[in-house]
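Please have the sequence and the model open while reading.

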Amino acid sequence: MIVKPASLLLAMTAMVALPSFAQNVATVNGKPIPAAKVDQVVKQVVAQGKATDSPQLREAIKKDLIGREVLIQEADKQGIGTRPDVKNAIDNARQSIIINAMLADYIKKNPVKDADIKAEYDKVKAQAGDKEYHARHILVGTEDEAKQIIAKLKGGAKFEDLAKQSKDPGSAPNGGDLDWASPASFVPEFSKAMTSLQKGQITETPVHTQFGWHVIKLEDVRPSKFPKLEEVKQQVAEQLQQRKLAAYREELMKKAKIQ
């Protein structure tokens, strides 16, 4: 078959136009929504583990993008984007996005190593010790108040009843119960007094800390149940990442000329 020049030109034009049209999943009032945008959102959703790539997911994202385009066009007609409050919000969002991207790049270039995680784990495990303590306490404002409580306890008063007057809102309703914890969970003065007690014993003298005066009772002691490294590896890694980011931020703050 012989194709006339005019027909050939028309066919070539159609061949060029088709891929261009295929690059868009829809148009909204003449504004195209590129297929690449759908691909980008799908990639983000899949990377976050929220879904797997599928025709249903792509159709849902397409509908969402169309809906957003309809709304943004209407907002532009109303001049919403020119309002000072909206401009400020956009500027804040822009800053957050750029800063988060920069910090993510920093972590990629300065990753937390397995050796760092192991060292931190060993450090925390050593600080926690090999025992856990179940204690109660009564916190008051003065040494005299604490001495009066000790005297009442020696006279037969129940610790749980007297604990209702404790200044510690977290434990007072529960009879001063602090549950099971490692000594490292408490301030040094408290830990030293608690670990010196025998099971069922109460401190003979008030214990002074930054929070006030304590009367402590040791309920029981047991071997500590410290989690295995594999169970907390991700948590430790995230904590170390946050430290790295905090140090990086502090370094930048020191270099900046702030007036």
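The sections below take the basis of the model, then the helix, the pockets and the cores.

## Basis

This is a predicted model, in which local features need pLDDT of at least 70, side-chain atom pairs count only at pLDDT 80 or more, and totals for chains, interfaces and linings use all residues. Residues are numbered from 1 along each chain as its sequence is written, and side-chain values use heavy atoms, with hydrogens and water left out.

## Helix H3

Helices (H or I, at least four residues) and strands (E, at least two) are DSSP runs, numbered from the N terminus. Helix H3 covers residues 55–77, and its end C-alpha atoms are 33 Å apart. Just after H3, Gly79 has a positive phi of about 75°.

Leu57, Ile61, Leu65, Glu69 and Gln73 of H3 are buried (under 20% relative accessible area with a 1.4 Å probe, protein chains only). Their cover includes strand E1 (24–28), strand E2 (31–34) and helix H2 (35–47).

## Pockets

A pocket is an open set of points on a 1 Å grid over the protein atoms alone, where a 1.4 Å probe fits and protein lies on both sides within 12 Å along at least five of seven lines; lining residues have an atom within 4 Å of a point. Volume is the space filled by probe spheres set on the points, which are joined across faces, edges and corners.

The largest pocket holds about 270 Å³. Of its 13 lining residues, Lys37, Val41, Asp64, Leu65 and Arg68 lie nearest the centre. E2, H2 and H3 each supply at least two lining residues, and H3 gives the most, six.

The second largest pocket has a volume of about 160 Å³. Its lining includes Ile99, Met102, Tyr248 and Arg249. Helix H4 (84–109) and helix H9 (229–255) each give two or more residues to this lining, with the largest share, six, from H9.

## Nonpolar cores

A nonpolar core is a set of buried Ala, Val, Leu, Ile, Met, Phe, Trp, Tyr and Cys residues joined through side-chain atoms within 4.5 Å. The largest has twelve residues, among them Tyr133, Ala181, Phe186 and Leu218. Strand E3 (131–140), helix H8 (188–195) and strand E6 (212–223) each give two or more residues to this core, and H8 gives the most, three. Apart from this core lies another, of eleven residues, including Ile149, Phe159, Ala163 and Trp213.

Conventions. Expected span 1.5 Å × (residues − 1). Buried < 20%, exposed > 50% of the residue type's maximum accessible area, 1.4 Å probe, protein only. Contact = heavy atoms within 4.5 Å.
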